[in-house]
Amino acid sequence: MTQLIADYSDERQAFQELFGVTCAERILLLRGESGCGKTHLLTYCQQIVPDTVTQAPIQLRGTTVTVAEIFYRTGGAVGWDRFNHFARHVAEMQRSPAVKIDRNWLVGMNNHIDVALTAEDQAGREHRRAALTDAWFADARQLPQPLLVLFDTFEQASDEVKAWLSGPFLARVVRTPTVRVVIAGQEIPPAHNIEWGHCCQERALYGVREAEHWMPVVQAMGRYIPNDAPLDWLAGVCHALEGRPEAILKILQRLPRRSALA
């Protein structure tokens, strides 16, 4: 079922611009408080990604999504045959450079990456992470079509993942025309960054408070407002719920169906 959305036309336009052939701003940051419709907007945007673009949506959840997990999910989305350089680096870090990288070995790729990133001290871990990051982007630059990575709930990521995404990862996106990134959350990386700030757009989401933006959604849902002044009624709902899309949609879903008029 197609995700319905009200307004956020500027943000949707910014998202679509990510797929331009000569896209200069390949990083899109979406910031907003809980209930403003960030995830709803991302869900809608996923549906309009061109078939010529590979997408990898990642929900950041504390310690459950590590740097290794991000490598694993993005590689799996594209196909490990496109990340041979990265896979070879993983094998070498496991002290098994002569290993045959075949389908059986790739089945355990998640564990292989975890082991490759393991070191006795912080400096060693950072060195390994930087080496794999460089290898990942070296392969990404050779992709035959763009890769879109969407990160949601950035504020829930671990400190390690936040630092990696805000620094090394986004800095390399600037030098990698094939990679496009969306990061959404109540907290996002600071856009005024000397390394990648010139390559990003930042949008603040405040909800959708105008009733006229919701009327097409009511119609698309096949519902009607049983009130002599439907727009006024809808304006009252938007005001009471402070424009929060998720809450407004729940009210609209309770409206009677148009089929009941027949």
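Is cysteine 23 buried or exposed?

Guide: Cysteine 23 is buried, with a relative accessible area of 11%. Keep in mind that this is a predicted model. Burial is counted here as a relative accessible area under 20%, so the 11% of cysteine 23 falls on the buried side.

A disulfide needs two cysteine sulfur atoms within 2.5 Å. By this rule the count comes to zero disulfides. Cysteine 23 is in no disulfide, and the nearest cysteine sulfur, that of cysteine 199, is 7.1 Å away. Cysteine 45 is in no disulfide either, its nearest cysteine sulfur being that of cysteine 36, 13 Å away. Cysteine 45 is buried too, at a relative accessible area of 1%.

Now the setting. The protein has 262 residues, of which 46% count as buried. It contains 11 helices and five strands. Its C-alpha atoms fill a box of roughly 75 × 40 × 35 Å along the principal axes. Take the contacts between residues at least 6 apart in sequence: 74% of them join residues at least 24 apart.

Alanine 56 is an example of a buried residue in a strand. Its place is in strand S2, residues 54-59, and its relative accessibility is 3%, so alanine 56 counts as buried. Beyond its neighbours within four places in sequence, alanine 56 is in contact with Thr74, Ala77, Leu147, Leu148, Val149 and Leu150. Between alanine 56 and isoleucine 70 there are 14 residues of separation in sequence and 9.4 Å in space, C-alpha to C-alpha.

From the strand we can turn to a pair of helices. Two packed helices are described by the angle between their axes and the distance between the axes. For helix H4 (residues 84-93) and helix H6 (residues 109-116), the axes come within 8 Å and cross at roughly 55 degrees. H4 and H6 are therefore oblique to each other. Their crossing is left-handed. On the H4 side the residues that meet H6 are Phe86, Ala87, Val90 and Met93, and on the H6 side they are Met109, His112, Ile113 and Ala116. By class, this contact has seven nonpolar residues, one polar and no charged ones.

Histidine 112 deserves a separate look. It lies in helix H6, and its relative accessibility is 14%, so histidine 112 counts as buried. Setting aside its neighbours within four places in sequence, histidine 112 is in contact with Val90, Gln94 and Trp105.

Most residues other than glycine have a negative phi. Threonine 153 has a phi near 55 degrees, a positive value in a residue other than glycine. Its place is in the loop between strand S3 (147-152) and helix H8 (159-173), and threonine 153 counts as buried at 10% relative accessibility. Glutamate 242 also has a positive phi, near 55 degrees. Glutamate 242 lies in the loop between helix H10 (230-240) and helix H11 (245-252). With a relative accessible area of 46%, glutamate 242 is partly exposed.

Key
Residues numbered from 1 in each chain as written. Predicted model: local features only at pLDDT ≥ 70, side-chain atom pairs only at ≥ 80, totals over all residues. Heavy atoms only, no water. Axes fitted to C-alpha atoms, helices over the stretch in contact; angles between N-to-C directions. Helix = DSSP H or I, 4+ residues; strand = E, 2+ residues; numbered from the N terminus. Parallel < 35°, antiparallel > 145°, perpendicular 65-115°, else oblique. Left-handed = near helix turned anticlockwise from the far one by under 90°. Contact = heavy atoms within 4.5 Å. Nonpolar A, V, L, I, M, F, W, Y, C, P; charged D, E, K, R; others polar. Buried < 20%, exposed > 50% of the residue type's maximum accessible area, 1.4 Å probe, protein only.
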